[in-house]
Amino acid sequence: MSAVLSAFFASPTVQTALAVGTVVAVVSSVVGVFTITRGQSFAGHALADLGAVGGSGAFLLGVSQLWGFVLAGVISAVAMEAIGTRRLEGRDVATGIVFGAGMGLTALFLTLDTLIGGSSNAAISVLFGSLFSLDSALVPVIVALGVVTLAIMTAIWRWVALETLDRDLAAARGVPPRTASTLFLVALALAVQLSSLSIGAILSTALLIGPAATALLFTRRLSTAAALAAVIAVVEVWLGCLVAFASFDWFGGSSWPVSFTIVAAVFLGYVGARTVTALRPFGHRMAVG
Amino acid sequence: MSKASRLRDPDVVLRARGIAVRLGGRTVLDDVDLDVPPGAIVGLIGANGAGKTTLLRVLLGILRPQAGGVRRPDRRAGIGYVPQKISLDPQAPLRARDVVMLGLDGARLGIPLGRRRLRGAVDAALAQVGASDFADARVGELSGGQQQRVLLAHAIVSRPTLLLLDEPLASLDPVSARDVVALLDDLRRRSNVAIVVTAHDLTLLLPVLDRVAYLAGGRAAVGTAAEVVRDDVLSALYRSPMRVVETAGRTFVVADDAVTHT
């Protein structure tokens with residue numbers, strides 16, 4: 001085991017994966033706590049699929065899929081808020097319509113990537129991630145984007161809490177509700193796109209929702225939930241990386257995909273936490289009420 | 001006297017003049033005036049769709065009227081607002097005391113730090129509305145009546161001079177509704193806060209109301225209950241015969257059957 005561990009930490013590929021994975025885990029889980037609180041998991045999923053349009057389109061233009069993901073995600077977030085607030089109740093409808101169109105475009109771009117761009121691995125890379133094949137030159141950019149996202153969340157922390165309670169209530173307290181919800185959606189888009197880059201557009205919501213939902217089983221305080229979710233997410237991502245790395249030896253040269261092992265760790269973490277809380281009186285009360 | 005100086009008056013906390021609102025081509029409010037003195041409870045009474053909530057949003061300063069003006073206290077600390085209801089996920093990590101704390105610093109940027117010195121004010125507000133027992137519960141898990149008390153504590157914690165409540169009695173059973181009315185009466189006596197409350201039925205509120213703004217057809221009849229809650233005034237407002245019926249010490253407003261059924 002220690003031989004595997006030393007090889008694990010010595011590998012440059014693993015070092016890049018752990019650096020990016022840690023940033024993505026912290027950002028996704030902190031934003032995830034607010035996403036669950038606001039009941040916007042669906043918007044998170046839609047942003048992942050719209051980001052995939054950019055990620056798959058980037059191959060055609062020959063630029064890094066990171067920028068494709070980020071640009072498409074942020075534009076989509078601003079557009080979603082603009083369309084959604086025109087009718088207060090229309091948020092789900094607007095999200096759904098744009099979401100479907102995004103999936104179609106991604107299918108088109110991925111086909112073109114293979115036909116014209118010759119990128120035969122584009123589909124796997126965009127949809128299921130590429131944590132072990134990231135360019136280490138991207139690490140500073142990803143860290144910077146992570147810091148920006150956390151800075152936005154830190155700034156609008158109380159605004160979003162108030163706006164989640166009630167829009168008019170927030171406005172009555174002097175919070176610009178529209179600015180608050182738009183900034184939150186931009187932070188959500190950035191978190192989801194960074195996550196898409198690591199474990200893929202399809203699986204990115206697992207990292208957004210999983211660790212946050214696990215943390216919420218143990219605390220009723222917002223700041224504690226965010227801190228706990230971040231710790232859980234980092235442990236799960238590192239565990240996923242380690243298992244994927246070690247599985248290379250178990251199957252004689254063909255390892256499990258790291259996206260699978262991370263999502264498996266997230267899933268098992270949540271199921272385990274639910275089991276633990278269900279065995280306690282407090283957990284039982286929550287499960288009932 | 002200029003309009004600006006006419007709006008400045010120490011005897012009113014809130015003054016609205018000539019408020020007109022059109023929403024989607026429909027005239028919701030037309031030339032509505034309202035004065036709210038300190039310590040008074042003013043009822044905005046009317047049927048669903050009469051414009052009560054619209055007027056409340058104008059008074060609150062989150063809806064700009066097409067005509068007219070409102071002079072009000074500073075929105076951040078001077079006005080407390082209690083929405084009719086909130087819908088919050090039961091899992092949401094916001095305790096009752098967190099919601100009340102947001103009444104003090106919710107508009108500030110950055111993560112909340114150094115809030116210890118604010119805890120006394122939060123505990124006092126929770127105690128004042130009888131919400132101390134569920135101060136540490138998740139707000140999403142509380143009943144509608146309990147959530148309303150928490151929102152009321154949120155509204156009063158910044159010691160506002162004006163409190164606006166949207167249909168606080170709408171979803172309550174009669175006993176809880178009576179308790180809320182008593183709570184509002186107690187609040188204005190103790191802290192001299194002016195209270196504006198909307199309701200579709202004035203029966204429960206009538207004993208504590210100092211002033212009534214009865215809304216119908218975009219217009220408002222404003223005055224004391226004795227001046228407004230009368231057959232002739234309400235009949236003129238509704239443009240249809242109305243009767244004020246008193247029974248068992250309560251007052252009800254009904255359409256005049258003798259006329260409408262012919």
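Two strands are taken to pair if DSSP finds at least two bridges between them. In this predicted model, three strands of chain B form an open, antiparallel sheet in the order 2-1-4.

**The sheet of chain B**

Strand 2 (26–36) and strand 4 (67–71) of chain B are the edge strands, each pairing on one side only. Averaged over the sheet and with direction ignored, neighbouring strands are turned by 20° against each other. Strand 1 (residues 14–23) of chain B runs antiparallel to strand 4 of chain B, and four bridges join the two. B:Arg15 stands opposite B:Arg71, which belongs to strand 4 of chain B. Helix 2 of chain B packs on this sheet and touches strand 1, strand 2 and strand 4 of chain B. The direction of helix 2 makes about 125° with that of strand 1 of chain B.

**Domains of chain B**

Chain B is divided into domain 1 (1–73 + 161–233) and domain 2 (86–158). The C-alpha centres of these two domains of chain B lie 26 Å apart. Seven residues of domain 1 are in contact with six residues of domain 2 of chain B. On the domain 1 side, helix 7 (residues 174–191) of chain B provides the largest share, three residues.

**The interface between the chains**

The contact between the chains involves 29 residues of chain B and 27 residues of chain A. Helix 2 (52–60), helix 3 (75–78), strand 5 (79–82) and helix 4 (96–105) of chain B each supply at least two residues of the chain B side. Helix 4 of chain B gives the most, with four residues.

**A helix pair in chain A**

Helix 7 (residues 139–155) and helix 10 (residues 177–199) of chain A pack with their axes 9 Å apart and at an angle of about 150°. Angles over 145 degrees count as roughly antiparallel, and helix 7 and helix 10 of chain A are therefore roughly antiparallel to each other. Their crossing is left-handed. Helix 7 of chain A contributes residues including A:Ile142, A:Leu145, A:Gly146 and A:Thr149 to the contact; among those from helix 10 of chain A are A:Leu183, A:Val186 and A:Leu190.

**Residue classes of the contacts**

The table lists the composition by class.

| Helix 7 of chain A with helix 10 of chain A | 11 residues | two residues | no residues |

Methods:
Residues numbered from 1 in each chain as written. Chains lettered and ligands numbered in written order. Predicted model: local features only at pLDDT ≥ 70, side-chain atom pairs only at ≥ 80, totals over all residues. Domains from an automatic or database assignment. Contact = placed C-beta atoms within 7 Å. Axes fitted to C-alpha atoms, helices over the stretch in contact; angles between N-to-C directions. Parallel < 35°, antiparallel > 145°, perpendicular 65-115°, else oblique. Left-handed = near helix turned anticlockwise from the far one by under 90°. Nonpolar A, V, L, I, M, F, W, Y, C, P; charged D, E, K, R; others polar.
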